[in-house]
Amino acid sequence: MTETRTAGGEMDERHPLITPRRVKFDWSGTPLHWIPGEPVATHFINTLHLLLPAGERWFVRVYKQTLPLIGEDDPRLRAEVKGFMGQEAVHAYSHQGVLDRQMLERGLDPRPLTRRIEWLFTAILGDRPPLPLISRRRWLNLRIGIIAGIEHYTAVLGQWILDAGELDAAGADPTMMDLLRWHGAEEVEHRSVAFDVYEYVSGAYWRRFVTFFIGVLALPLAAYAGAAYLCARDPELHGVRPRIRDYRRAVRRGLLPSNRFMIAAARRYLRRDYHPSGECSTRKALDYLATSPAAQAAATGRPA
């Protein structure tokens, strides 16, 4: 086990082996608005469930093409990529369960939007380069760079959800919180893999800079579009639209990360000396995974 120093200066241990945890969740008792009295904040977070199944399946497809490029000179990175792919596949399946059961069975149909999202990842970001002047290898490098930037944000958001005690105080549904925190903890756990792959395969700073903005500029647009769609289709809201003041109020309550938080994370990623080992806390992630009902049930083979 190796050690790295976190941004806060503490010594943080790197997990020796990244392995998928075959978790399962029972959504029968989770209400549609799982943050009581906060339907708009609920749907802002629910945007993750819209994006992640298609997005994380795309990660796996891209990394299947990337794995042969990682030589036998770095067996640890090859093993971490395989563990990363396994974890991302379980993430996709678990968030798909929210769409299929927690939402659809309560009268909110996400499928018209998720079909468009799936098209985006398979057609626009698929294996075929969008322009004939871009070779397949350059297109692969660009997609690897996009994934590295997205994984930076999934890690810092994973740390945020681990620390978001305000959601518990607001009465957020414990099953949904376990899904989000289990996922967030695994994002913290494997936070260095995508960046290390990018550095191994490409490593160009200019490409890291460009691909970060390709991936990340879409995040606030996707979050608002997803929340607007869910609010409009929500059978209990009768066409309510999310407003900026709804977002700001949720931020003040600690129910959503702030714009300042997101911008600060972007600035750290764009430093030339950036490495994900300086972000987040592996120890805190593993401490949560040691108590997560779903993760512990998966480890022991007992139902959650």
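Leaving aside neighbours within four places in sequence, which residues is V81 in contact with? In this predicted model, V81 touches Y63, L67, I70, V193 and V197. V81 also belongs to the largest nonpolar core, which has 86 residues. I35, Y63, V81, L167 and V197 have the most contacts inside this core. Helix 4, residues 136-163, supplies the largest share of the core, with 14 residues.

A nonpolar patch lies on the surface. W206, F209, V210, F213, I214 and L217 form this patch, and together they have about 580 Å² of accessible area. F209 sits in helix 8, residues 205-216. Its relative accessibility is 35%, so F209 counts as partly exposed.

The count of salt bridges comes to 14. One of them joins R21 and E186, with the closest N and O atoms 2.8 Å apart. This pair links distant parts of the chain, 165 residues apart. R21 lies in the loop between strand 2 (11-13) and helix 1 (39-66), while E186 lies in helix 6 (residues 174-189). Both residues are buried. R21, E186 and E189 are linked in a network of salt bridges.

R76 and E80 form another salt bridge, at 3.1 Å from N to O. They are four residues apart in helix 2 (residues 75-103), so about one helical turn separates them. R76 is partly exposed at 33%, whereas E80 is buried at 7%. R271 and D273 also pair, at 3.0 Å from N to O. R271 is partly exposed at 41%, and D273 is exposed at 59%.

The structure holds zero disulfides. C231 is buried, at 0% relative accessibility. C280 is buried as well, at 17%.

Conventions
Residues numbered from 1 in each chain as written. Predicted model: local features only at pLDDT ≥ 70, side-chain atom pairs only at ≥ 80, totals over all residues. Heavy atoms only, no water. Disulfide = S-S within 2.5 Å. Buried < 20%, exposed > 50% of the residue type's maximum accessible area, 1.4 Å probe, protein only. Core = buried A, V, L, I, M, F, W, Y, C linked by side-chain atoms within 4.5 Å. Helix = DSSP H or I, 4+ residues; strand = E, 2+ residues; numbered from the N terminus. Contact = heavy atoms within 4.5 Å. Patch = residues over 30% accessible without salt bridge, like charges linked within 9 Å, V, L, I, M, F, W, Y side chains within 5 Å. Areas by Shrake-Rupley, 256 points an atom, 1.4 Å probe, with all protein chains shown as cover. Salt bridge = Lys/Arg side-chain N within 4 Å of Asp/Glu carboxyl O.
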